[in-house]
Amino acid sequence: MDQAAVLPALLTTIVTLFVAELTDKDALFLLALATKTKAWVVFASGSIAFTITTAIIVLVGSVLIAFVPVVAVKVAGGAIMLAYALWELRRLSTDVRGVDERERRLLEKRGSGAWSIFIPALVSLIALDLAGDATELITVILLARFGDVVVVFSGAVIGLVGATAVETLLGNRLGRILSPRRIRYLSIAVFTIIGTTVIVTSLLGF
């Protein structure tokens, strides 16, 4: 990548992943966790989990891009994001809980020590992020767009850790403002905009 393009690519990656994470399903879990345990537990588990999953996603994405045309990856990614938005909209038509049963049990865990929450939270966040998380798709799309593993990895980690910090610091305040339903509506809007933009710019050769 040209040196002049590094900073814009880094900033684009940071902002995109930051906004996406605030509207993703992980946000619900982190916000809920922030009301139940110490701030350092939430921030540490989120930061470590996202660093691990981003490394895995960037590695897999690099292999994918090496065998599949970049335009195809970007267009497919945009289409999947639009499908994700439609799927979320459909879910809003039913009474779906913001936090699933496994997460609810963790949030109600009675253990008095911080470590009794930290390890399960770390494992749950890694599982959530790798099991069809939308930020994964955005990371791969950005990797296809910029073609720089270091820039995308660094920007993604900074953006995700920044979002984790916001969710940790605001905790139950943000949780009251952004209810699960509101977060889903915001998520639908964000991924519709990003998905449409990716497809249009890819087809136009930008």
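**Surface, fold and core**

Author: This is a predicted model. The protein chain exposes about 10300 Å², and carbon and sulfur atoms supply 70% of that area.

Reader: How many helices and how many strands does the protein chain have?

Author: From the N terminus on, the elements run α-α-α-α-α-α-α-α-α. The count for the protein chain is 9 helices and 0 strands.

Reader: What percentage of the 206 residues count as buried?

Author: Buried means under 20% relative accessible area. Among the 206 residues of the protein chain, the share that counts as buried is 45%.

Reader: Among contacts between residues at least 6 apart in sequence, what percentage join residues at least 24 apart?

Author: A contact means heavy atoms within 4.5 Å. Of the contacts in the protein chain between residues at least 6 apart, the part joining residues at least 24 apart is 87%.

Reader: Which element gives the most to the largest nonpolar core?

Author: In this core of 36 residues, Leu17, Ile138 and Leu142 touch the most other members. H1, H2, H3, H6, H7, H8 and H9 each supply at least two residues of the core. The element that gives the most, with 8 residues, is H7. In general, nonpolar side chains of soluble globular proteins tend to be buried together.

Reader: Is Thr135 buried or exposed?

Author: Thr135 is found in H7, residues 134-146. Leaving aside residues up to four places away in sequence, Thr135 touches Leu17, Ala20, Glu21, Asp24, Asp129 and Leu160. Its relative accessible area is 2%, so Thr135 is buried.

Reader: Where is Thr54, and which residues does Thr54 touch?

Author: Thr54 has its place in helix H3. At 2% relative accessibility, Thr54 counts as buried. Not counting residues up to four places away in sequence, Thr54 touches Phe153, Ala156, Val157 and Leu160.

Reader: What separates the C-alpha atoms of Thr54 and Glu136?

Author: Thr54 and Glu136 are 82 residues apart along the chain.

Reader: Which element gives the most to the nonpolar patch on the surface?

Author: The patch is formed by Ile48, Ile52, Ile56, Val60 and Leu130, with about 390 Å² of accessible area together. One of these, Ile52, lies in helix H3. Ile52 is partly exposed, because its relative accessible area is 37%. With 4 residues, the element that gives the most to the patch is H3.

Reader: How far apart in space are Thr201 and Lys74, C-alpha to C-alpha?

Author: Thr201 lies in helix H9. At 25% relative accessibility, Thr201 counts as partly exposed. Thr201 and Lys74 are 127 residues apart in sequence, and their C-alpha to C-alpha distance is 9.3 Å.

Technical notes: Residues numbered from 1 in each chain as written. Predicted model: local features only at pLDDT ≥ 70, side-chain atom pairs only at ≥ 80, totals over all residues. Heavy atoms only, no water. Buried < 20%, exposed > 50% of the residue type's maximum accessible area, 1.4 Å probe, protein only. Core = buried A, V, L, I, M, F, W, Y, C linked by side-chain atoms within 4.5 Å. Areas by Shrake-Rupley, 256 points an atom, 1.4 Å probe, with all protein chains shown as cover. Patch = residues over 30% accessible without salt bridge, like charges linked within 9 Å, V, L, I, M, F, W, Y side chains within 5 Å. Salt bridge = Lys/Arg side-chain N within 4 Å of Asp/Glu carboxyl O.
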